[in-house]
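Colleague: Walk me through the labels on this model. I want each one set against its cut-off.

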Amino acid sequence: MKKILIIALLAMTATIAQAKKPLPYQDPALPVEERVADLVGRMTLHEKVSQLTQLTLGLNTNVNNINDPTETVPGEIGSVIFFGEDPAVHNSLQRKAMATRLGIPVLFGFDVIHGFRTVYPISLAQAASWNPALVEAACAMAAREARASGVAWTFSPMIDIARDGRWGRISEGYGEDPYTNSVFAVASVLGYQGYDPLDLSAADRVAACLKHYVGYGASEAGLDYAYTEISDQTLWDTYLPPYKAGIEAGAATVMSSFNDVSGTPTTASNYLLTEILKQRWGHDGFVVSDWGSIGQLINQGVAVDNKEAAMKAFNAGVEMDMVSDAYLPHLPALIEEGKVSMAAVDEAVARVLRLKFRLGLFERPLVPETTEDERYLSPESRRVAEQLAAESMVLLKNESAEQGQGAVLPLHTATDASPSTVRKIALIGPMVEGDTHLLGSWSPHGREQDVTGILEGMRAEFAGRAELLTAAGCDFDGDDRSGFTSAVASARQADVVVLCLGEQKG
């Protein structure tokens, strides 16, 4: 009887030990590639296609892309664009994901372009600093704030070569020069990811995404989403170099662009997305479509419906569908019909999972639910923002309009020890009062109360030393000239005019 009891106890102990033993993909001691292969081998087709799908979570404040904030996100989804910043919301979805059959964490992405909550100068201004080390520091600060809120993947940097001033997204990139874009692409990638592209698990690192691959900034007549005519010579000499530099720096992901290149949409270009990016350059990350760009293949005339669009985008080399709702409903049928191979699906899923393992999401799917004061606007991030703002300023000319007056800057007031004094300063323009637009485009988490406005700053600087005259003069757009008279009157009274112009926060 005792022998039987002992044998039973031993069997029970062995069963418990076996139950607690992690599966290979759950074992952090194993190489990432072994974990990826093991996990892919355990997945159903629905689970695989779900990993290739990106939805949204939270309220989208972009007026062009309004979505239902109450949308239900399934736990097995591959990725979400996270429009919020609350770690508790992030953790809620991650717990849902971890409770699924295989417990695959969700990859949270967002457009962290020039800062998360601490806002830095726009990318175009960053390039004017000619200081890649400082831009790298700014991206590192942004990565720290983003990861603390649950965002582990940024859709940045934008390294489109932009040479037509009518194109509306110039502010998001680093200008017109391939070399400059290449330098800042590398600085941004290293700032976001650090120096080891195989390990992005640190709590202050996020995966970078090079966008928009490729030629988006060459849109005809500066029209967004429009046709581009790019020769092979120009493609390789002008538009591809920044992306190659970013890939060599270890960029984890790439985003396919909306435009076509000489008749072929990039989202359906096997030459660009597979032959060049993956075969020639050896990129082992994945490609995500731009917002709805798979569905846009219908408008571009290369697909009759979302099913054909899914087939063409996937076979071209787009691993993740950003909100086109094309892969999840159609890839299974395309596989059954032999139009998409199961091997290609497995390879695509492996690329997505590879990044999740490198980010350490399987080991640490949740983020600490800290306060905003703990996550944002640290003294170091503010210092970097201030230095980058100072270094991004460009002084084109510093001469007085009046002969013999010398330089206009710095402004010497009546109390300064200087032969030239300024007693009245006119601040004119639509950006004189109000702080929102100083945040710049693509700064959805920036807050007006964190900004020191132009008028506020000038009052603090010149209090008791000079009189400030203010006039908006005009608005950002429209043809209302009713404010011209007061603006001209202020300018005539002043010793110096500071014209405060810019574009509205987008």
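Modeller: Start with Trp130, which counts as exposed at 64% relative accessibility. This is a predicted model, where local features need pLDDT of at least 70, side-chain atom pairs count only at pLDDT 80 or more, and totals for chains, interfaces and linings use all residues. Residues are numbered from 1 along each chain as its sequence is written, and side-chain values use heavy atoms, without hydrogens and water.

Colleague: Why is Trp130 called exposed?

Modeller: Exposed means over 50% relative accessible area, buried under 20%, partly exposed in between (1.4 Å probe, protein chains only). Trp130 has 64%, so it counts as exposed.

Colleague: What makes the phi of Trp130 worth a remark?

Modeller: Its phi is positive, about 55°, although Trp130 is not a glycine. Most residues other than glycine have a negative phi. Trp130 is found in the loop between helix H5 (123–128) and helix H6 (132–148). Helices (H or I, at least four residues) and strands (E, at least two) are DSSP runs, numbered from the N terminus.

Colleague: Why is Asp325 called exposed?

Modeller: Asp325 has 53% relative accessibility, so it counts as exposed. Asp325 also has a positive phi of about 55°. Its place is the loop between E10 and helix H13 (327–336).

Colleague: How do you know that E2 and E3 pair?

Modeller: Two strands pair if DSSP finds at least two bridges between them. Strand E2 (residues 79–82) and strand E3 (residues 107–110) have three bridges, in the parallel sense, so they pair. Val80 stands opposite Phe108 in E3.
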